[in-house]
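Subject: Structure handover

Hello,

Here is the structure for you to look over. Please open it alongside this note.

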Amino acid sequence: QQDTLGISGARTLAHMSQIVLFHHALGMTPGVGAFAVALEQAGHVVHTPDLFEGQTFTDVRDGVAYAQSVGWTQILDRGREAVQDLPPDLIYAGFSLGAMPAQALAQTRRGALGALLYYSAAPTTEFGTPWPDGLLLQMHIARNDPWDDLPVCQELAASVPSAELFVYPGSTHLFAEEGSADFEPE
């Protein structure tokens, strides 16, 4: 049995969780908002920081270019600033570009409960510390994702004992993004 987070079996978070959900390179789109609402309807408290300060894009490449112009360090700093007044026992979730602050915070902020990374991940060395023992990690990606992050996700899953990797058929990137051309409802 799985809850709306997709964490199964003994790893299911039976209690209400606080989730920080970071958007992808398109910004805070209605699809990201819909995903947050679904989590809230399942009984979770969801925080959706806007890493792009109101900017949205219709093409992922344009959003990535914007993030590069702001600087990756600044994007990660915005993620850290967004949680500084929140309790430590959070689940960090992120879509694509948003997986980076989610993973960084899960890996480095004391008290994290877990990480849900959609479409992307980074080697643990990217954030200067090993993956914390026992910290739950779940990754979701399409087998033929055009951004080719599957090998990184597979490597991370192999190196983190608590990791679960879900690989879906298909070749789209934002497959859980309602309203996106990539959306795959199944």
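Predicted model: local features only at pLDDT ≥ 70, side-chain atom pairs only at ≥ 80, totals over all residues.

Residues are numbered from 1 along each chain as its sequence is written, and side-chain values use heavy atoms, with hydrogens and water left out.

The sheet. Six parallel strands form an open sheet, ordered β2-β1-β3-β4-β5-β6. Strands are DSSP runs of E with at least two residues, helices are runs of H or I with at least four, and both are numbered from the N terminus. Two strands pair if DSSP finds at least two bridges between them. The edges are β2 (45-47) and β6 (163-168), each pairing on one side only. From one strand to the next, the twist averages 15 degrees. Strand β1 (residues 18-22) is joined to β2 by three bridges. Ile-19 stands opposite Val-46 in β2.

Helices on the sheet. Helix α4 (residues 99-108) touches β1, β3 (91-95) and β4 (114-118), and its direction makes about 160 degrees with that of β3. Contact means heavy atoms within 4.5 Å. Angles run from 0 to 180 degrees between N-to-C directions, and axes are lines fitted to C-alpha atoms, for helices over the stretch in contact. Helix α5 (residues 150-159) lies across β5 (136-142) and β6, at about 150 degrees to β6.

The helix pair. Helices α2 (residues 60-70) and α3 (residues 72-83) pack at about 90 degrees, with axes 5 Å apart. That makes α2 roughly perpendicular to α3 (65 to 115 degrees counts as such). From α2, Val-64, Tyr-66, Ala-67, Gln-68 and Val-70 take part; from α3, Trp-72, Gln-74, Ile-75 and Arg-78.

The core. The largest nonpolar core has 55 residues. Such a core is a set of buried Ala, Val, Leu, Ile, Met, Phe, Trp, Tyr and Cys residues joined through side-chain atoms within 4.5 Å; buried means under 20% relative accessible area (1.4 Å probe, protein chains only). Leu-21, Phe-52, Tyr-92, Leu-117, Leu-137 and Met-139 touch the most other members. Helix α4 gives the most to this core, with six residues.

The loop residue. Arg-109 sits in the loop between α4 and β4. Its C-alpha atom is 23 Å from that of Glu-53, 56 residues away along the chain.

Best wishes

Definitions and conventions. Parallel < 35°, antiparallel > 145°, perpendicular 65-115°, else oblique. Buried < 20%, exposed > 50% of the residue type's maximum accessible area, 1.4 Å probe, protein only.
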